[in-house]
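Please read the following note beside the sequence and the 3D view.

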Amino acid sequence: MNMTEPTLAPPMAPPTVDMAQIFAAHAARAARIEALRPGNKDRLFDGLTAAGITHVTVTFDGAGDSGQIESIGAWSGETAVEFPATEIAYAALTWDAPEVEMRSLSLEDVVEQLAYDFLSDTHGGWENNDGAWGEFCFDAAARCIHLEFNERFTSSELYTHDF
């Protein structure tokens, strides 16, 4: 009888994934991002006010795993105006670095970034399946952001009858 050495490698040890640690790291990152928002909003509202913009409207629409900002409009009272070329500081976290990164973005780009952030935070997946649409209003005088969100869904109703 011939003895041969096994040719298969021994089974790998089961993976050890600490889901609690992953969730804690995610929550900590989300809290850091949330802590940056008041400063970003203040700089945006200061920039809008300095430019004479009273409010900004942002429309969005999405479905079928795709969604986008449809339009961003700046207003001075009831008159549509152009965004100035002004840039402001925007604080952000990147995926590959723990430090806060200060970016110089146009007023319009900050509006767009905040709109996407708030959509993701409040209605994650808004662009999936039947999707959603709506409008933000960035009110510079009141220093608040209002969102009207419309969710689409397919409905089915079952009726049974015995005759």
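1. A salt bridge is a side-chain nitrogen of Lys or Arg within 4 Å of a carboxyl oxygen of Asp or Glu. Glu34, Arg37 and Asp121 are joined in a network of such salt bridges. Searching the whole structure gives 6 salt bridges.

2. The model is predicted: local features need pLDDT of at least 70, side-chain atom pairs count only at pLDDT 80 or more, and totals for chains, interfaces and linings use all residues. Residues are numbered from 1 along each chain as its sequence is written, and side-chain values use heavy atoms, with hydrogens and water left out.

3. Arginine 143 forms a salt bridge with aspartate 42, with 3.5 Å between the closest N and O atoms. Aspartate 42 belongs to helix α1 (residues 19–50) and arginine 143 to the loop between β6 (132–139) and β7 (144–151), so this pair ties together parts 101 residues apart in sequence. Helices (H or I, at least four residues) and strands (E, at least two) are DSSP runs, numbered from the N terminus.

4. Arginine 143 also meets aspartate 46 in a salt bridge, at 3.0 Å from N to O. Aspartate 46 lies in helix α1, so this pair ties together parts 97 residues apart in sequence.

5. Aspartate 42 is partly exposed at 40% relative accessibility, as is arginine 143 at 35%. Here buried means under 20% relative accessible area, exposed over 50%, and partly exposed in between (1.4 Å probe, protein chains only).

6. In helix α2 (residues 107–122), the buried residues include Leu107, Val110, Leu114 and Phe118.

Notes:
The expected span of a helix is 1.5 Å times one less than its number of residues.
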